[in-house]
Amino acid sequence: MDASELWPVIRLTMELAVVTTVALLLIGTPIAWWLARSKAPWKEAVAAIAALPLVLPPTVLGFYLLILLGPDGPGGWVAGIFGARSLAFTFEGLVIGSIIYSMPFVVQPIRNAFESVGDRPLEVAATLRASPWDAFWTVAVPLARPGYVTGAVLGFAHTVGEFGVVLMIGGSIPEETRVLSIAIFELVETLRWAEAHLLAGGLLVFSFVVVATMMAVEKRMGRSGS
Amino acid sequence: MTADPHRIQATFAGALGSFSLDIAFEAPMRGITALFGASGCGKSTTLRCIAGLQRLSGRLVVGGETWQDDGAGVFLGTHKRPIGVVFQDASLFTHLSVHKNLLYGARRAERSGAPPTIRSDDVIQLLGIGHLLDRAPAALSGGERQRVAVGRALLSQPRLLLMDEPLSSLDQMAKDEILPYFEALHEQLSIPILYVSHDITEVARLADRMIILSSGRKLAEGPVRDLLERLDLQPETGRFEAGVILTARVTGHDEKFSVTHLDHYGQAISMPARDLATGTEVRLRIRARDVSLATRRPESISVRNVLSGTIMEIAEDPETAYAETLIDIGGGRLRARITRQSVADLRLAPGLPVYALVKSIAFDRETLSVAATTLPGNLSVTRRD
C-alpha cells in the first residue's frame, strides 16, 4: 500500500460514516421517541438492548454479526436475493454492523432531548390545532435539536473510529471494507510509520474540525433560536 | 341534556389516582366563567378534560357541537377542538420568535378553514405586543410572555378560550401589568372564557360567573356577585379575602385632595384618585374586613365612606371571635366582618338600620376594575335563581 492508496481508504471511511450516521438518525428517531414517550413497562428492556453495544466487547459483537451476515444467517439469505453469497466482507455488511455498533451513541442523546422537551410543548401545539404528526416535526424535533447534533457527531466519530467490529465482519478488502482504522493498523504492522502518521494525524485534525464546527454552529443557532 | 347553541354543557366523572372528579355544570357562550377552588379541587383537571388533554368519562357540548359523548363514542382530539389554552407558564415555543409563535396556531386555523373572526392586527394592538414581534421568548418578561401566549391562543380562532391560572406564576407587578389587558379582552372579544383560579381577588375582578369546586365536586355556581354575598360559602371564598362587588359611577374628581368621587345608587363613595372619565362605570370589590358598622351616623371621624343600609343576615362563628354580616345598602350589598362582641353590644339583628363605614384606602388598585359594557345584559341573561 503506497500513498496513492490512502485516498480510497479515506473516501470509503467517510462514505461509511455518512451513510451510517444518516441511517442512524432515521432509525434512531422513532426508537428514541418511543423510549422517551412510551409508558410500556418493558421499554427499559428495549433500551438495554439498544445500549448493549456500549458495554459489549467489539469482537463479541463482531462475531455474532459475522454469523448473522454470513451465508448461513439471515444476512446470507438477503444477499441471495441480489445473487450474492453473503453480506459479510461487503460494504453493506459494514454499514449494518456500524449501525448496530453506533446505535446507543445516537439514540441516547436524542432520547434525552425528547425527554427534556416534555409534554407541555406538545400539549400547547395540540391546542393550536397541530396534529400529533405535525407537532412532532414542528415542535418536538426542533426543540430536540441539541440532542440531534450531539447524536450525529458521536455517531459519526464512533463509526470513523471503529476497529474490532470491522475487523471481524469486514476484513481489509481495498475499496470495499478497508477503512481508516484497519489501514492504520496494517501500516503500523508493516512498520510504515510515515503513512501511519499521515492517516492518524489527518484523522485527529479532521475530528477536531468536525467537533469544533458543530459546537460553533450549535452555539450560534442556539443564540438566535431561543 | 339537549345541545344548546348558547351554552357549554359539561359532565365529567372519573378517578385519577386517589383523586376523583364528579362534576356537571353549564356556562354561557359569552363572558368569563371562573372555575374557582383551592388547589387540588379538580378545577385544572376539569379544564384539561374540556381541552381534551385528559380523558375522563363524560359528555361535553360546546355551543351546540359535541366534543365528547361516551354514549355515542365521540371524543375529539385536542387538535380538532377549536379552543385556545393559556397555561400557567406561558409555554411559548422557545425555538420560534414571538411573531412565529403567534402565527403557529393562526396558520393551522386558516388551513382548517376556521372563519378568521379575530384579526392579528387587533390582537397585537389589544395586547400591546407589537414591539415584541421580532424578539425571542427568552428575552421577554413574565408578563409579556403571558400576553404573547394569550395572543397566540386567540389567533388560532378559538370558539372557547381556556385559561389555567394564567397569573399565578407572575409576581404582583406583572399581575398589575397584565390585568388591564385581560379586562380589555373581556370587553372587546365575544369569545367565552373559562378561567381557572384559586385567587378570589382575580375572580372578583374579572369573572361574571363562577363555579366553586371542592374535592372534585361542584359546591355552587352562579353570578360572582351573588356567590360573594353568600355567607355560607365563606370557607371557600376565603375568610381574609371575603368581600362583595359593587358597581358605581364616577361623578367627579377632587384635584386638591387627589380623590375620585363615585355614586352608588344615590350614596356617595370616595376613593384615592384614579384616572377615570366622569360617567365611567366601575366594579368595586369591598372586603368584609374593611367594613365597620355603626348604629348611628358617626361624626368627627376620618372614614370618608358612610353608607346607610339595613342588616339582612348575621352569621356568627362560635369557634372564633368573629361574625359575618350582610347589609343591604339600596343598590347592592355589603359584607362586614366584625366581632361577635360588637354584635352583642350593639344589639345587631336582621332588619336593623345601620351605617357601614369603609375607609377610602380600602380601594387599592386591585379592587377596582372598569365594568365591561356587556356586564348587566350578560348577568340578566345568565342569572338562574
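**Exercise 1. State how far apart the C-alpha centres of domain 1 and domain 2 of chain B lie, and describe their contact.**

Solution. The C-alpha centres of domain 1 of chain B and domain 2 of chain B are 34 Å apart. Domain 1 covers 7–228 and domain 2 covers 243–249 + 278–370; such bounds come from an automatic or database domain assignment. The model is predicted: local features need pLDDT of at least 70, side-chain atom pairs count only at pLDDT 80 or more, and totals for chains, interfaces and linings use all residues. Residues are numbered from 1 along each chain as its sequence is written, while chains are lettered from A and ligands numbered from 1 in the order in which they are written.

Next, take the contact (C-beta atoms, placed from the backbone, within 7 Å). Eight residues of domain 1 of chain B touch eight residues of domain 2 of chain B. On the domain 1 side, at least two residues each come from α5 (172–188), α6 (200–206) and α7 (224–228) of chain B. Helices (H or I, at least four residues) and strands (E, at least two) are DSSP runs, numbered from the N terminus. That side of domain 1 of chain B has three nonpolar residues, one polar and four charged. Ala, Val, Leu, Ile, Met, Phe, Trp, Tyr, Cys and Pro count as nonpolar, Asp, Glu, Lys and Arg as charged, and the others, Gly among them, as polar.

**Exercise 2. Compare the radius of gyration of chain B with the globule rule.**

Solution. Chain B has ten helices and 21 strands. Its radius of gyration is 22 Å, close to the 21 Å that the globule rule gives for 385 residues, so chain B is as compact as a globular protein of that length. The radius is taken over C-alpha atoms, and the rule is 2.2 Å times the number of residues to the power 0.38. Along the principal axes, the C-alpha trace of chain B spans about 70 × 50 × 35 Å. Of the 385 residues, 44% count as buried. Buried means 20 or more other C-beta atoms within 10 Å of the residue's own, exposed means 12 or fewer, and partly exposed lies in between, with C-beta atoms placed from the backbone.

**Exercise 3. Check the span of helix α2 of chain B, then locate its bend and its packing.**

Solution. The expected span is 1.5 Å times one less than the number of residues. B:Tyr104 is buried, as are others in α2(B), including B:Val98, B:Leu102 and B:Ala109. The buried residues of α2(B) pack against α3 (120–127) and α4 (142–155) of chain B. Just after α2(B), B:Gly113 has a positive phi of about 80 degrees.

**Exercise 4. Are B:Gln157 and B:Ser215 buried or partly exposed?**

Solution. B:Gln157 lies in the loop between α4 and β8 (160–164) of chain B, with phi near 55 degrees, a positive value in a residue other than glycine. B:Gln157 has 22 other C-beta atoms within 10 Å and is therefore buried. B:Ser215 lies in the loop between β10 (209–214) and β11 (217–223) of chain B, and its phi is near 50 degrees, also positive in a residue other than glycine. B:Ser215 has 14 other C-beta atoms within 10 Å, so B:Ser215 is partly exposed.

How values were computed
Bend = angle between axes of the 7 residues up to and from the residue. Contact = placed C-beta atoms within 7 Å.
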